[in-house]
Each structure stands twice: as structure tokens, then as C-alpha cells.
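Please find below a short note on the model under review. The points follow the order in which a reader may wish to check them.

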Amino acid sequence: MEQIKKSLNEIVKSLISEKKVEYVFGFEEGTLPLKSVPLYIEKEEDIDRMIWNEYCNLNLVKFLLEEPHGKKIGIILKNCEIRSLIVLINENQINREDIVIIGVPCSYGIIDFNKVSKLIGGKEFTEFKKNGNDYTFKGVDFEKTIKLQDILSNSCVYCKDKNPVEYDYLVEAPIEFKTIQEEDIDEYLDVIEFEKKKPKERWEYFKKELEKCTLCMACRESCPLCYCKVCFIDSNQPQWFDKTEDLSEKLLFHMTRAIHLAGRCIMCEACTRACPEGINIHLLYKKLRKMSKDRWNADKIELGDPSVLGSYKIDDPQEFMVKED
Amino acid sequence: MVKKKEKQDNQTFEKIIPKDKLDSLIKGLNKDFKLIVPKETEDDIEFDYLDSDKEEYQFPEYQNLRVSPKKFLFPRKEVLYSFEKEGTNIKIKEKEELIEDQVIFGIRSCDARSYKILDTFFSSGKYSDPYYFSKRNKTLLIGLACNEPMTACFCTSVGGAPFSSEGLDAILYDLGDKYIFKIISEKGSAFSKYVSEYPDVKKADLKKKEEWAKSARDKIKFDINLDNIEKDLDGLFESDIWSKVSRRCISCGACSYVCPTCHCFDVQEQSDKNGGKRVRIWDNCQASIFTLEASGHNPRNSGRERTRQRIYHKFNYYLKNYKILGCVGCGRCIKVCPTNRDIRETLKAVVEAAEKA
């Protein structure tokens with residue numbers, strides 16, 4: 001981590017001092033333990049506040065959508081986030097030349113705060129200590145050590161796509177990072193396992209998770225790929241959605257969001273981590289990603305790739321079509 | 001005269017309840033009241049109705065709960081009335097709700113104060129809200145003073161305190177090995193019969209209580225003087241601090257849904273060909289659609305205006321309209337925010353900007 005920090009500091013410093021960008025987007029320490037805050041690095045002295053670690057939990061690409069075209073911005077990203085930026089560039093939302101990508105090889109991934117909270121029974125921890133991959137959380141009446149593997153974001157546990165595929169500057173990492181899993185496993189193993197369950201069991205799982213939803217839209221608002229000026233859920237002329245928290249409405253929202261993200265979602269899981277209720281429906285998105293892979297080999301999106309939803313080939317697999325006998 | 005005497009008695013009604021007798025107190029109360037208590041779930045602690053068949057009730061270890069008990073009086077979705085088609089006529093059915101006397105037990109001081117704010121809002125103006133007050137008037141609050149405030153707590157900066165009994169009908173002080181049960185309000189004197197068997201409080205216990213109160217207060221590290229906040233904000237409506245503050249906001253509504261005092265609502269209709277119902281649901285001012293007008297114009301079109309609105313509503317408009325602050329300092333919005341936008345930092349920025357102006 002030290003080497004990454006040093007390399008990152010040098011790159012950011014040169015970008016700022018040579019005025020190559022208006023600012024660099026990174027993270028600073030939050031006001032609570034294990035929380036980070038987006039940081040706009042505009043001056044050299046801001047660099048001291050910059051952090052880069054396993055709890056930089058947002059996908060900063062989201063914030064680029066707010067910026068006008070033509071403004072030169074630096075941004076520090078991991079590979080999943082770089083792929084989300086690529087989707088936006090492919091969809092003509094962001095100009096590649098406006099963005100200076102500082103790519104960082106990702107080590108084990110990002111901690112999901114919700115998982116920590118659940119494992120300590122909804123209590124509050126006031127400090128945490130790291131010892132290798134053991135994290136010890138301490139609160140007023142407890143101390144608990146948890147393995148990093150159990151609090152990493154779901155997708156990070158299986159991710160092997162750790163090195164930036166598109167960048168202007170590449171941060172030097174000391175070693176080649178691997179997944180936290182000891183064995184070499186399939187990136188889609190969790191989906192494959194879930195597919196084996198009975199439809200009723202899968203439905204019960206999603207139903208239980210979605211019942212917690214308060215429709216606060218933190219998932220949508222933290223997702224860089226949710227950029228519709230008017231989301232269907234906010235449309236009131238016509239109104240598709242009655243805004244109540246009935247399961248039918250929650251399902252309508254989440255299913256529609258998933259379909260809109262099919263072939264686009266790059267599993268950064270910023271949405272899961274942003275969810276105040278700790279809802280875990282990432283498998284829905286990952287399943288769609290797996291389908292994109294199986295059918296069009298389109299799970300790892302690169303610059304210039306056609307979009308799964310926005311393109312058509314005569315020999316597209318069509319096994320999803322209902323056939324008439 | 002008699003009434004006055006009763007009140008005096010209330011003020012001094014303090015009993016000692018051994019910790020192992022909490023369950024029998026709860027059982028006693030549960031005979032006459034429906035109880036809402038903190039309950040352990042699979043991976044959290046939440047307010048829920050007490051399952052009276054269950055054996056022994058003990059407080060779970062909690063500082064404060066992730067979600068406030070707001071929903072018990074102001075539900076996330078509430079049917080206001082329903083209608084049915086009968087031939088060519090429409091039959092309107094009023095809401096029928098059987099509300100039993102209930103007690104929210106173990107509520108923290110900040111959350112109890114939040115009901116005072118909701119009471120003020122729902123009874124302001126010409127009408128008082130029948131849906132809220134039908135439940136509110138049947139609800140009593142028994143607090144549990146807060147020995148261990150959390151990292152995001154700032155109740156002392158907004159007029160509260162961990163041991164405040166404001167808004168409560170009775171309060172329990174946890175002295176480590178026993179509780180003091182104190183009746184606070186006139187309504188709360190209804191509780192005297194459930195605790196009359198217990199010994200009266202002694203001077204030493206009260207001293208111990210004061211020590212706990214002080215230690216709890218000392219644990220709140222954040223302190224800001226908001227005496228002039230209304231005036232401060234009056235001069236900052238167009239300030240550029242709102243652009244800075246909103247820069248990190250992603251405009252979700254997580255803060256407003258966990259807030260114990262946020263009360264904005266929307267009214268929707270759910271209907272099919274045979275009838276339907278009019279429902280009231282929670283709304284939140286951080287959503288872009290919140291103030292979208294029929295013309296297409298939106299007076300709060302960006303995060304800047306929406307962030308500002310949330311602060312102004314709680315720290316300026318509330319003071320103007322009702323002479324109280326609209327925030328109880330529970331810190332939930334800080335914890336829940338995906339970008340860790342901290343309302344304490346915003347308040348600091350406001351006070352600093354006002355000093356400079």
C-alpha cells in the first residue's frame with residue numbers, strides 16, 4: 001500500500017502543479033471510522049488529505065457526469081470503475097479526452113460497511129485495527145475480529161480483473177494482486193451456485209432482501225451508469241410507479257434497473273455499499289453480466305465495444321425467445 | 001388545586017427497579033398496553049411489537065437503534081380512505097383503524113424529542129392531522145436514558161441531552177446494576193401502579209444518576225453553538241457554501257428516510273377497475289421530483305438547492321414557524337450517508353461563513 005500511495009502522490013502532484021487538470025478526484029478520510037469522502041484535489045496541499053484504501057467505497061465516475069464537457073479532470077480509479085467510465089465513453093456521455101485516468105491496480109477490493117454492521121449485530125464500532133487480513137472492530141461493549149474475506153464486497157471476493165485496462169497514468173503496485181480466495185475459482189461461481197437453487201428459493205431470497213428496500217434511491221444515485229435525466233421511476237406523466245413501498249413496486253424498480261444495466265453493469269457494487277438497508281441483490285446484476293458473457297462474450301467492456309442492449313446481430317443467440325410450437 | 005398536587009407527586013415519583021425485575025415490569029405494562037420495544041433481529045436491533053408469549057424480555061445491548069421508531073406513529077404507507085365502485089356509484093369508505101393504547105419502551109431521549117417536533121408539525125396551522133394524532137394520543141413514551149452516546153451523536157448542540165426527559169412520559173435511568181424509574185408527565189402517572197411495589201429512590205442513587213448523566217454528556221465530542229443559527233442562515237441563502245456542501249451529495253434520500261423528524265409526505269392513489277385507495281407515503285426533499293411543478297419548472301433543480309433546503313428546513317424555517325429546532329442530533333443521517341456527508345460539518349461551515357459575512 002505504501003508504494004501505491006507514493007506513486008499516486010507523485011502522479012497527482014505533477015498533474016496539479018503542471019496544471020494539466022482542473023482538479024483530481026480522489027478520497028479523503030471520513031468523519032466516522034471506515035468511512036471515506038470524495039475529495040476534490042485542486043491545490044497541492046490537498047494531496048496530504050488524500051487516501052487510497054479498502055474503504056474508498058464510492059464509484060467516483062458518478063460525479064464526472066455532473067461536470068461540463070471540455071473540463072479537464074483527473075480521476076483515481078480501480079479497474080471496475082475504469083470499465084464503468086468506458087461504458088459512459090462508449091455511450092457518448094463523457095469525452096475520453098476530458099478525463100485523465102489514474103489507474104490503480106486493485107488489491108483485494110473494497111469493504112462493504114453493511115457487512116461489517118451485520119456481523120457485529122447492528123452495533124457501532126468506534127475503532128478498528130488491521131492485522132494482515134484480520135480486522136478487529138471495537139465498540140463500547142464488544143471486540144470482534146473478522147476476516148477481510150467476510151466483509152469484502154461480494155463481487156470483490158470473486159474478481160480477477162484487477163489491472164487497469166485503460167489509463168493515462170498507471171500507479172505502480174509492488175506485486176500482482178490476486179483474489180482473496182486461496183483456490184483459483186470461477187469469477188461467476190456465486191451465480192453458478194445460486195442458479196442451482198430452486199426458483200422458489202431464489203424468489204424467497206430476493207423477496208426477503210427487497211422487503212427491506214425503502215426506495216431511497218441510494219443505489220441509483222451512486223451508480224454511474226444510472227444517468228437518465230428523468231428516471232422512469234420519477235416520471236409522473238405518465239406515472240409508471242405509485243411510489244408506495246409495496247413489494248410489487250420495489251420489484252418493478254429493481255427489476256427495471258437491472259434490465260437497464262444488462263450488459264453495462266461492471267459489478268463495482270457501489271450500489272450495494274451505498275444501500276442504507278444493506279440489501280444484497282448483486283446476484284441479479286451479476287447473472288445478467290454472466291448472460292452477457294455467455295452469449296456475446298461481453299462482460300469485460302472495452303473502449304469501442306458495441307453495447308449489448310444497443311446493438312443487433314443477425315446471429316444473436318435467441319434462446320430467450322419464446323418459441324411457438 | 002387537586003391537579004396541582006398530583007403534578008407535584010409526579011415530579012417526585014421515582015422508584016428503584018432491580019434489573020431482574022424489568023421483565024415483570026414489562027409483563028405488567030403489557031396487560032394494559034401494546035408494547036413497542038427494541039428487539040434483536042438476525043443481524044440488527046429494531047423497534048418492534050413485543051411478542052407477549054415470549055418468555056423473558058431483556059433490553060438488548062444497544063446505544064441507539066439504526067432506525068428511529070417514527071414509523072409507529074407516521075407509517076411509511078398509510079391508507080387514508082378507500083373507494084369502491086358499485087354499479088355507477090362510488091362508495092367511499094373511511095379509514096377504520098383499531099388503535100390500542102400503546103407504549104414505546106426504551107426510546108432514547110433524542111427520539112422522544114423528535115415526537116415533540118412531529119407533534120408540533122402535525123398540529124400546526126388550521127388543522128391537526130387526524131391520522132397521526134389517532135395514534136399519537138394513544139401512545140405513551142417510556143425512555144431509557146442514554147449512557148453511551150454514539151460517535152455521530154450531537155444532541156447537546158441542538159438543545160437535548162443524553163439524560164433529557166423532554167417529551168417522555170416516564171424514563172428509566174440505567175445505573176449499571178439497577179434502574180431508576182421516574183414518572184415525568186401527567187399522562188405518565190398512569191404507570192405508577194405498575195411500579196408502586198418497588199422501593200423509593202435514595203439520595204445516593206440520585207447522585208449516581210447525576211454521575212452517569214455527566215459521563216454520558218462528556219462522551220459527546222462534538223459541540224457547536226447554534227444560538228444564532230436562524231439569523232446565520234438568513235444571510236447565507238445565496239452563499240457558495242451550498243455548492244461546496246452539495247458537491248459530495250449524490251441526492252439520494254437515505255438521510256431523510258432515517259431521520260426521526262423528517263415528515264414530508266406524498267399522497268398517491270392506488271386503484272384498479274373496481275376501486276382503490278388513497279395512501280400517504282413518505283417523501284423526501286433530496287429527490288429531484290420533490291418540487292417539480294406541473295409546468296416542468298423545478299425551483300430546486302440541483303443538489304445545491306436541495307441540500308440547502310434540508311438544512312434550512314430544520315435550522316431556519318422551523319425556528320421561524322414554530323420557535324423550535326427541527327433536528328434532535330441523533331446522527332443517523334451522518335451514519336447512513338453513502339458519501340459520509342456530515343451534517344455537523346455543514347453546521348460548522350454555516351456558523352463559520354456567518355462569522356465571516
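How many residues of domain 1 of chain B are in contact with domain 2 of chain B?

1. In chain B, 34 residues of domain 1 are in contact with 26 residues of domain 2; two residues are in contact if their C-beta atoms, placed from the backbone, lie within 7 Å. This is a predicted model, in which local features need pLDDT of at least 70 and side-chain atom pairs count only at pLDDT 80 or more, while totals for chains, interfaces and linings use all residues. Residues are numbered from 1 along each chain as its sequence is written, and chains are lettered from A in the order in which they are written.

2. Domain 1 of chain B spans 2-218 and domain 2 spans 229-356, with bounds from an automatic or database domain assignment. Their C-alpha centres are 26 Å apart.

3. On the side of domain 1 of chain B that touches domain 2 of chain B, strand 4 (77-86) and helix 3 (109-122) each supply at least two residues. Helices (H or I, at least four residues) and strands (E, at least two) are DSSP runs, numbered from the N terminus. Strand 4 of chain B gives the largest share of this side, nine residues.

4. Chain A is divided into domain 1 (1-107 + 162-181), domain 2 (113-151) and domain 3 (186-297). The C-alpha centres of domains 2 and 3 of chain A lie 27 Å apart.

5. Ser17(A) belongs to helix 1 (residues 2-17) of chain A. Between Ser17(A) and Glu44(A) there are 6.8 Å in space, C-alpha to C-alpha, although they are 27 residues apart in sequence.
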